Each structure stands twice: as C-alpha cells, then as structure tokens.
Amino acid sequence: METNIKKIEDMSLNAWPSHKMELYDGWILRFSYFYTHRTNSVEQFGTSTLPWREKIPYCENVYRRLGTPAIFKISPLVSPDFDYVLENRGYEIQHTTNVMTAGLSGAALYAPYEQVDFTDTIPPEWIESLFELKGTTNPIHRTVVPSMYRAIPKETICASIKKEGKIIATGLGILDRDYIGIYAIHVREDYRGHGYARQICTGLLKNGMNKGAKSAYLQVVEGNTAARNLYKSLGFHHFYTYWFRVQP
C-alpha cells in the first residue's frame, strides 16, 4: 500500500507544479503566493539526513521571507512523530483531503458527455473561466497561476461545457504512467444539479482509457459530500487521507 501511496504522491507533484520550488535535504518547499495549500507547502519526498529541530525553523524562515506561514503536508508517508512535533509548535490542521482511486475497467461510466469539449492543451479561456468559477480575484494569482498550468510536464486532457457562449463547467485530466488524475472539477453555481460534473468526469475517464490509463485518482476535500458521492457513484473508493499543518 505504501508503494502505491508514494506513486500517487509523486504523480500529484507532477500534476500541479508550484510557482517556485526549493529542494532541501529530501524535502521540497513549494511557494505559489498562497494560491492553494498544496502548492504552498513543504512535502517530504526523499531521504532526510538533517534533524527536524534544524529543518523546521529553516522552512519557517524561508516562508516568513516570502510572506506566508509555513505549511507542512502530512500524508501516510510522513512519520506520525513529525505531525506531533508540529502540533507541539502550535501548528493547526487545515484542509484535510481524501484521495480516492478507481480501476477504470470497473468504473461506472454510463453518463453521456456529448456536451463536453476536449482539448489537448489548456487554453487561456479555460483558465480565465476557472478563475471566475472559483471566485479568484487576487491579481497575483491571476498572473502566476496560468504559468503553473503551462508548466505541467505530463499529457493533459482539458474539458469544458459551454452555455450561451460561456464556460460553465471545467475539468482537467492529467496522464502519468498508467493513471489519469482528475483535477479542477468546477460547475457554475446556477448550473449545479444538472449532471455536468458527471459528464465531465465520465468524458475525462473515457478519454484517459483511450490513451492507455488503467486507473484513476482524484482528491476531494473532507466535508465536500456532494463531490464524494459523485465520485463513489463513478467507482472511486477512499484510499488515504492527508492534511496540512499550518504555522500559527
């Protein structure tokens, strides 16, 4: 199980590059002007040789200089003792996330998706629409995030649904090894409840299968019951949970 978690964690790093990154003794410090926890946190990906009492203050100083709190991602690959050390330093748990996986041969991919448009690249219109759907108004985010999408090194499948000439639903599939990762599923609030997210997910998964993917993974924030129920109905099952420890 640990090997498969490591594989998905590696693919997640490939799927969502940060604006800036620093390698430090088996850790990667990611910085993206606090766009998301994931792209603005420390991840442990390799063998560590320095003591935590030295490394944690180093990371705190790096993020202090960059103007954000230090954030550490805690996955099942991270020692529980490390999580306890951060708790004792006053770090709070935020943004608990469940990773779900599915074997595509058994996935319930019945929904029609004729309304979904697909492209192999991520067009500027899609990114602008994603900003609108998420309510992203921060001018720094609107400047740097497009370059983060353009920096994705893996093959992508970009999905959208338009109504009256405007994108009202988005999704992104990222192919890596024998998996497709499902990202950026958003539907405009006044169009929710009409099955558009299901159409986009179905289309991405079927396109992924056609390109050789045998399995899929996605990440859903704890408490997002509607999304979790949708993904379960598509054949996804809970695999593991991670969270972030945020400096006070």
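Buried means under 20% relative accessible area, exposed over 50%, with partly exposed in between (1.4 Å probe, protein chains only). The model here is predicted: local features need pLDDT of at least 70, side-chain atom pairs count only at pLDDT 80 or more, and totals for chains, interfaces and linings use all residues. Residues are numbered from 1 along each chain as its sequence is written, and side-chain values use heavy atoms, leaving out hydrogens and water.

**Exercise 1.** Find which residues of α2 are buried, and where they lie around the helix.

*Solution.* Start with the helix itself: α2 covers residues 52-66. (Helices are DSSP runs of H or I with at least four residues, strands runs of E with at least two, numbered from the N terminus.) Next, pick out its buried residues: Lys55, Ile56, Cys59, Glu60, Val62 and Tyr63. Viewed down the axis of α2, these fall within an arc of 160° (taken from the directions from the helix axis to the C-beta atoms), so they line one face of the helix. Now turn to the other side, where Arg53, Arg64 and Arg65 are exposed. Finally, look at the partners: the buried residues pack against β1 (20-24), β2 (27-31), β3 (42-44), β4 (71-74) and α3 (80-88), where contact means heavy atoms within 4.5 Å.

**Exercise 2.** Work out which residues of α6 meet which residues of α7.

*Solution.* First locate the pair: α6 spans residues 196-210 and α7 spans residues 225-233. Then inspect where they touch: Ala197, Arg198 and Cys201 in α6 meet Leu230, Tyr231 and Ser233 in α7.

Conventions:
Expected span 1.5 Å × (residues − 1). Axes fitted to C-alpha atoms, helices over the stretch in contact; angles between N-to-C directions.
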